[in-house]
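Colleague: I am new to this structure and would like to learn how to read it feature by feature. Could we go through it slowly together?

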Amino acid sequence: MKRVVVLLAVLCVCDGVKFGQLCSGNPTNTRRTSDTWGQGHYGARRGSRDHKGLDIVCDDGSTVYAPFDVTLDGGVIVYTDPRKAAINNGIKLRGGGLCFKLFYVQPDRTSGSVRKGERIGTMLPMQNVYQGITSHVHVQMCDRSDPTQYF
């Protein structure tokens with residue numbers, strides 16, 4: 001008797017969530033590369049720790065947009081250091097099967113639903129705290145995994 005072995009391959013086709021424009025003036029979500037303060041990619045060294053987000057270039061005072069349809073899930077406090085109070089806000093969002101945070105954003109509100117491309121806040125004055133840095137929105141997944149695949 002012959003044995004026939006059949007292997008089935010299961011292919012998971014996910015929706016392939018991609019972030020739309022986050023910041024006015026940066027329609028392609030250009031990433032922060034290297035400046036005098038360091039680098040903006042996920043895993044970049046920060047002294048004794050690793051950077052757990054991805055930095056997207058955004059000029060101080062720029063409008064920040066919802067990258068896709070999202071639910072606003074509360075405000076975020078970024079730092080405990082009072083010297084960084086000028087940029088100590090952000091927002092937690094959920095949508096497209098993802099949970100993520102945007103740092104250095106003054107949210108217009110912190111609850112409710114927002115459609116892709118709608119304004120969610122304003123980029124805070126990063127130059128007041130880190131003079132000479134490439135101003136940016138820091139995108140961090142709630143589980144601190146690498147967000148790069150979504151850009």
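Colleague: Among contacts in the protein chain between residues at least 6 apart in sequence, what percentage join residues at least 24 apart?

Modeller: A word on the source comes before the answer: this is a predicted model, in which local features need pLDDT of at least 70 and side-chain atom pairs count only at pLDDT 80 or more, while totals for chains, interfaces and linings use all residues. Residues are numbered from 1 along each chain as its sequence is written, and side-chain values use heavy atoms, with hydrogens and water left out. Contact means heavy atoms within 4.5 Å, and of the contacts between residues at least 6 apart in sequence, 64% join residues at least 24 apart.

Colleague: How many helices and how many strands does the protein chain have?

Modeller: Both are DSSP runs numbered from the N terminus, helices being H or I with at least four residues and strands E with at least two. Here the count is 0 helices and 13 strands, and the C-alpha trace spans about 80 × 35 × 30 Å along its principal axes.

Colleague: What share of the 151 residues is buried?

Modeller: Buried means under 20% relative accessible area, exposed over 50%, and partly exposed in between, with a 1.4 Å probe and protein chains only. In this chain, buried residues make up 41% of the 151.

Colleague: Which residues have the most contacts inside the largest nonpolar core?

Modeller: A nonpolar core is a set of buried Ala, Val, Leu, Ile, Met, Phe, Trp, Tyr and Cys residues joined through side-chain atoms within 4.5 Å. The largest one has 36 residues, and F19, F100 and L102 have the most contacts inside it. Its largest share, 4 residues, comes from β9.

Colleague: Is F100 buried or exposed?

Modeller: F100 lies in strand β9, residues 98-103, and counts as buried because its relative accessibility is 0%. Beyond its neighbours within four places in sequence, F100 is in contact with residues including F19, P67, F68 and M141. F19, with residues up to four places away again not counted, touches P67, F68 and F100, among others.

Colleague: Which residues lie nearest the centre of the largest pocket?

Modeller: Rolling a probe the size of a water molecule over the atoms shows where empty space is left. On a 1 Å grid over the protein atoms alone, a pocket is an open set of points where a 1.4 Å probe fits, with protein on both sides within 12 Å along at least five of seven lines, and lining residues have an atom within 4 Å of a point. The largest pocket is lined by 23 residues, of which R46, R49, H51, Y79 and Y104 lie nearest its centre. β13 gives the most to this lining, with 3 residues.

Colleague: What does the side chain of Y42 reach?

Modeller: Y42 is placed in the loop between β2 (38-39) and β3 (45-46), and its side chain reaches the backbone oxygen of R144 at 2.7 Å. Y42 counts as partly exposed because its relative accessibility is 22%. Among its contacts beyond four places in sequence are H51, R144 and D146.

Colleague: Where is N88 placed?

Modeller: N88 is in the loop between β7 (70-76) and β8 (90-95), and it counts as buried because its relative accessible area is 14%. The side chain of N88 reaches the backbone nitrogen of V78 at 2.8 Å.

Conventions. A polar contact is a pair of N or O atoms within 3.5 Å; within protein, one must be able to donate a hydrogen and the other to accept it, and residues adjacent in sequence count only if both atoms are side-chain atoms.
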